[in-house]
Each structure stands twice: as C-alpha cells, then as structure tokens.
Amino acid sequence: MVILHVKKTEDLQFLTQIPADTPNSQVIEHVMGIWNRVIKMRRLADGCEDLAKHGVAKPADQQGLDQYQEGITGKAQPPRGPYYNADPTGKRTGEAPEPKLAEVIMKQVAEVRSVCNIKDRVARKEMMSSTELQEAQDSLRGAVTMAFPQGLPNYDEVDAMFDDEYEKDTRTAEVIDADKAALWWANKQLTRDKKLSDFVGKNDKTKIVVKVTQDGAGAPVREPAVDAQTQKEMMAFYHKRQEELKKLEEEQDDAYLNSSWANPKALKSALHGTGDVKWR
C-alpha cells in the first residue's frame, strides 16, 4: 500500500493508504472523500455542541436574543423548561436536553473531534479512512437521536448536516467536489487517465506527499525549505551569535590585565592585609 500524506496546512493534513496500481480517478475520490468528510465533521461537531447546550434551532423569522423578543414581537415568551440555557447568538431556543443526555452528545462530539484531530494523528502516523469517519458520525447521530427522539426540525442546520447538506462558510470553504479536484505530487498532476503506479512506481512501500487543488488551478505553491518554528529558532541563534561576536570585538586583547589574578602586587597586598581595599 502506498502511503499518501495529503497536506495543505498544519491543520489540514492526514495520512491514508491505497494500492499502487489504483487508477488516479479512484485515488482522487478516496482522498477527497476523507478530505471533505473531515472538514464537514468538524462543522457538524460545532453544531452538535450548540445543540447540546442550547437546544434546537428557531425558525429563521423568529431568531433573536430571547430577552428582546417580547419587546420586538409584542408577544409574551413561552414558559421555559427546567434546563433552559439562553443561546447568546439567538439562533436556538435555549431549551437544552436533560443534562445526562447532553453529556452523551458532548462525549460523542469529543470523539468526533479526536478522530478529526488530523495534525496529532499524522504525528502518531495513524492512517485515516472514510469508514472510521462514518462510524464516528453515526455514533454522534445516535446520541442526538437519544436526546431528541422526536427528531430535529428540518430548519435546524444539524439535521441538514446529518444529511450531508452544508452551507458554505469559513469552516467549510475548503470543501472541494471530487470531480473538481486535482492531486499533485512532485509538481506533477496525477492525471485521471493514468494509474498511481505510472507516477510513483509499482513499489507498494512508497510514501509520497500529495497536495490538493481545484482542477485547472495550476500547481500548488511549494512549501518553504524550513517550517516557521525552525526558522524562528534559526533567527534567534543568528542574533545571539551576532551579539557574542560584537562583544568579542569590543574587548581588548590585554583586558585580562584588569583581573585581580594578574596584579603583580597581589601577594604583597594580601600579606599586608590591604588586598581587598577599594577606593571610591
């Protein structure tokens, strides 16, 4: 199995594996399936956290901060439930589920975030698969169903996200349809009409770094030779070395003559008891 290190940024990278003789069209579908699922599940985890804390969403025409709604609409607000927790964004009713059920949702949210913590998983050399991601999402769906057995309203974004319907925002901006994506390795595009082995050889023990772009967008920008942290450490060492050299240049060759051990009268002064006398 060829190991693919798919990378765009430090927070958007993962490891996966696929046979070398796989057609590139299938490689792209495999990679983008994981790529898009990770981005969407991060967004889903945020939505489920809000759901556990503040209940289901309000209809679009009723959204707003609860403490101001009565004055705006002229209607008395409905009585609040025992677990009411006002939504600071005004998008949700504030009627949170029972604390034990909310805890179950939050536990599954933490599990989803752990699975999608791809930076740490790359450091641990853990492979990512679509099956693993789907299982984590199914567990989260089950937790939501337990807390809201009557189901979520169709205008709640969490319900839509479970059906793989996402609104474009900054958190899902990196989603790219598989048929519009391109993979690059060693500044070469992995064209769909060839196999992966046509580019990396038939050795299944190969590891390559793959970049993702929109099809037709051209080659991705090359990574810098050193990362930001290494560059910072190098600059700190350079400035420290410059200060040391500057200090050495300022010192004279005979500066040691000012030291007490170089005083030819040190023994005499010590015998007379005047060795530590200082004049101001």
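Predicted model: local features only at pLDDT ≥ 70, side-chain atom pairs only at ≥ 80, totals over all residues.
**Entry 1: H3 against H5**

On the H3 side I listed Leu 101, Val 104, Ile 105, Gln 108, Val 109, Val 112 and Val 115. They meet Glu 132, Leu 133, Ala 136, Ser 139, Leu 140, Ala 143, Val 144, Met 146 and Ala 147 of H5. Sorted by class, the contact of H3 with H5 has 13 nonpolar, 2 polar and 1 charged residues.

I then looked up the geometry. The axes of H3 and H5 are 9 Å apart, and the two helices pack at an angle of about 165°. That angle makes H3 roughly antiparallel to H5, since the cut-off for this class is over 145 degrees. I noted the crossing of H3 and H5 as left-handed.

**Entry 2: H1 against H3**

Next I took H1 with H3, which spans residues 99–115. Their axes come within 9 Å and cross at roughly 165°. H1 and H3 are therefore roughly antiparallel to each other. Their crossing is left-handed.

From H1 the contact takes Met 41, Ala 45, Asp 46, Cys 48, Glu 49 and Ala 52. From H3 it takes Ala 102, Ile 105, Met 106, Val 109, Val 112 and Arg 113. I find 9 nonpolar and 3 charged residues in the contact of H1 with H3, and no polar ones.

**Entry 3: H1 against H5**

The remaining pair on my list was H1 (residues 24–54) and H5 (residues 130–147). Their axes come within 10 Å and cross at roughly 20°. This makes H1 roughly parallel to H5, because angles under 35 degrees fall in that class. The crossing of H1 and H5 is left-handed.

H1 supplies Gly 33, Ile 34, Arg 37, Val 38, Met 41, Leu 44, Cys 48 and Leu 51 to this contact. H5 supplies Ser 130, Leu 133, Ala 136, Gln 137, Leu 140 and Val 144. By class I have 10 nonpolar, 3 polar and 1 charged for the contact of H1 with H5.

**Entry 4: the core and Ile 105**

Which residues have the most contacts inside the largest nonpolar core? I read off Leu 4, Val 31, Cys 48, Ile 105 and Leu 196. The core has 53 residues. H1 gives the largest share of this core, 14 residues.

Leaving out residues up to four places away in sequence, Ile 105 touches Cys 48, Ala 52, Leu 140, Ala 143, Val 144, Ala 147 and Phe 148. Cys 48 and Ala 52 are listed for H1 in its contact with H3. Leu 140, Ala 143, Val 144 and Ala 147 are listed for H5 in its contact with H3.

I checked backbone torsions next. Most residues other than glycine have a negative phi. Ala 186 has phi near 55°, a positive value. Asn 187 also has a positive phi, of about 65°. Ala 186 lies in the loop between S3 (181–185) and S4 (188–189), and Asn 187 lies in the loop between S3 and S4 as well.

Are these two residues buried or exposed? Ala 186 counts as exposed, at 51% relative accessibility. Asn 187 is partly exposed, with a relative accessible area of 42%.

**Entry 5: the whole chain**

The chain has 9 helices and 5 strands. Along the sequence the pattern reads β-β-α-α-α-α-α-α-β-β-α-β-α-α. Of its 280 residues, 33% count as buried. Among contacts between residues at least 6 apart in sequence, 71% join residues at least 24 apart.

Terms used
Residues numbered from 1 in each chain as written. Heavy atoms only, no water. Axes fitted to C-alpha atoms, helices over the stretch in contact; angles between N-to-C directions. Helix = DSSP H or I, 4+ residues; strand = E, 2+ residues; numbered from the N terminus. Parallel < 35°, antiparallel > 145°, perpendicular 65-115°, else oblique. Left-handed = near helix turned anticlockwise from the far one by under 90°. Contact = heavy atoms within 4.5 Å. Nonpolar A, V, L, I, M, F, W, Y, C, P; charged D, E, K, R; others polar. Core = buried A, V, L, I, M, F, W, Y, C linked by side-chain atoms within 4.5 Å. Buried < 20%, exposed > 50% of the residue type's maximum accessible area, 1.4 Å probe, protein only.
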